[in-house]
Amino acid sequence: MKKNNLNKIVIGSIAILPLFMEMSCKKDFLDITPKTQLAQADAFATPARVESQVNSVYNGLKSGQFLGGRYQIYMDIRGEEFINNLSNGVTGLDTWRFNVNSNTNEVVNLWSAAYTAINRANLLIDGLVANPNSVSADLAKQYTAEAKFCRALAYFELIQLYAKPFLADNGASPAVPLRLKGELTAENNDLKRSTVAEIYTQILKDLNEAEADLPLTAIPTRAHRNAAIALKTRVYLAQGNYAQVVTEANKIVSAAAPFTAATGNINTLEAKISAVFEGSYVGSEAILSLPMTDLSAPGTQNQLAYYYNVAAGGGNEEYYFNTAANGIYSNPALSGATSLDARKGFVGISKTKFFLTKFKKPSPYTDYVPVIRYAEVLLNLAEASVRTGDVVRATALLNAVRHRSDPAYTFSAAETSTPATLLITISTEKRLELLGEGFRSFDITRLNLPFPAKGAAPAVESTSPAYIWPISSGEIQNNKSL
């Protein structure tokens with residue numbers, strides 16, 4: 001498939017095709033205009049075809065170049081937890097060492113994948129408005145809500161890499177073009193960048209509207225009410241709006257332990273952390289996961305297990321743990337000889353190096369990709385509780401996450417005696433709990449902190465041009481309004 005302008009022209013056409021045709025990316029297929037137009041005209045002709053457009057939106061999110069693997073990998077290897085092992089430019093070397101430019105593969109490919117997902121959501125929303133009798137009114141509301149949720153998620157993740165953090169200047173910096181209409185041609189390519197604040201406003205608008213119309217319960221491979229609420233805790237955390245994090249989290253977190261959601265999907269922590277990473281997990285802790293199968297896998301060199309797992313487990317050992325003092329592996333919970341923490345079981349050894357074995361399924365690497373877990377919501381709420389003055393509840397939430405993996409552990413006074421130390425301890429717990437799930441870069445940049453040095457990769461200050469990714473060269477070439 002051609003990149004740049006061809007991607008711009010056909011991005012919507014791919015999105016409206018039936019699900020069974022999505023995997024095709026042959027140039028001759030894309031160039032057959034009558035077939036593309038026929039698919040466009042018929043895309044909302046029957047309920048089954050409409051449902052295929054809904055599936056297409058989720059398939060855009062789960063692209064291996066986006067939330068199916070690469071996004072989480074980039075967000076973690078920019079941080080200090082991992083060391084590059086193979087010096088392979090195809091598997092994130094430039095991202096790890098903060099040496100990307102507008103033409104770097106990951107910059108171009110992730111931008112394209114994210115906007116493909118966004119465009120598919122936009123086409124679904126537009127198509128449901130234009131074809132009001134294609135499905136029932138209730139189903140149309142649900143599908144529209146799912147599309148808005150997916151669009152919000154895609155934009156939120158996109159600006160974590162391509163825009164300055166909200167707290168850097170209260171969202172005044174330029175971010176990315178805010179595309180809210182489905183595109184089938186290059187006619188509307190030219191669009192200026194919206195500010196960070198404008199993107200966040202749209203994300204929250206989409207999530208608030210989605211919350212009202214999403215189903216209360218659903219298998220967590222599809223959006224549901226609690227997923228919209230949980231994502232809002234992440235969004236408000238990024239904005240530093242801690243009171244609103246508490247407000248949203250309170251909708252799905254009980255006042256006291258054992259913490260659980262009282263309505264919608266009855267989300268709660270699994271009794272054993274190992275259960276969450278058994279491959280195709282959709283239990284109570286999963287709020288949103290992206291499913292993978294043998295026939296719908298992330299694709300070559302995109303997979304979490306490929307990057308992190310030991311060779312004996314089917315991985316390619318692309319990144320191993322940073323064992324220096326600033327890496328999370330140095331925490332006694334993972335490396336202590338006497339540690340009883342169950343998360344220590346996610347550490348594998350190969351040739352004297354230590355690797356993350358959380359993702360276990362070998363080729364074609366079909367581990368479901370966790371996007372939102374209940375453990376994250378509890379830790380988001382714990383941080384926000386400290387920052388809004390409720391250290392008692394924050395400590396209880398922290399203990400809930402730690403005691404799931406190590407019931408006998410007691411935090412010391414030095415770890416919890418003041419709000420400042422408690423915040424550090426919660427941050428450390430998040431690094432332990434969500435390791436390899438794509439959160440480290442987010443938790444650094446949202447607070448406008450510097451990236452620590454690791455191995456041969458330098459430290460990067462928040463004022464450095466390398467702190468965020470540049471706009472993709474494909475967008476620069478085709479969008480004259482940038």
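How many salt bridges does a search of the whole structure find? The search finds 33 salt bridges, a salt bridge being a side-chain nitrogen of Lys or Arg within 4 Å of a carboxyl oxygen of Asp or Glu. The model is predicted, and local features need pLDDT of at least 70, side-chain atom pairs count only at pLDDT 80 or more, and totals for chains, interfaces and linings use all residues. Residues are numbered from 1 along each chain as its sequence is written, and side-chain values use heavy atoms, with hydrogens and water left out.

**View 1. The salt bridge between Arg 222 and Glu 146.** The closest N and O atoms of Arg 222 and Glu 146 are 2.6 Å apart. This pair links distant parts of the chain, 76 residues apart: Arg 222 lies in the loop between helix 10 (196-213) and helix 11 (225-239), and Glu 146 in helix 8 (residues 137-162). Helices (H or I, at least four residues) and strands (E, at least two) are DSSP runs, numbered from the N terminus. Glu 146 has a relative accessible area of 2% and is buried; buried means under 20% relative accessible area, exposed over 50%, and partly exposed in between (1.4 Å probe, protein chains only).

**View 2. The salt bridge between Arg 343 and Glu 429.** Here the closest N and O atoms are 2.8 Å apart. The partners are 86 residues apart and link distant parts of the chain, with Arg 343 in the loop between helix 14 (332-335) and strand 6 (347-350) and Glu 429 in helix 18 (residues 419-433). Arg 343 is buried at 3% relative accessibility, and Glu 429 is buried at 1%.

**View 3. The salt bridge between Arg 387 and Glu 383.** The N to O distance between these side chains is 3.0 Å. Both residues belong to helix 15 (residues 374-387), where they are four residues apart, about one turn of the helix. Arg 387 is partly exposed at 36% relative accessibility, whereas Glu 383 is buried at 8%.

**View 4. The surroundings of Lys 251.** Lys 251 is in the loop between helix 12 (242-249) and strand 4 (286-290). The relative accessible area of Lys 251 is 32%, so this residue counts as partly exposed. Apart from neighbours within four places in sequence, Lys 251 is in contact (heavy atoms within 4.5 Å) with Glu 211, Arg 225, Ile 229, Lys 232 and Thr 263. Thr 263 is 12 residues from Lys 251 in sequence, and their C-alpha atoms are 8.3 Å apart.
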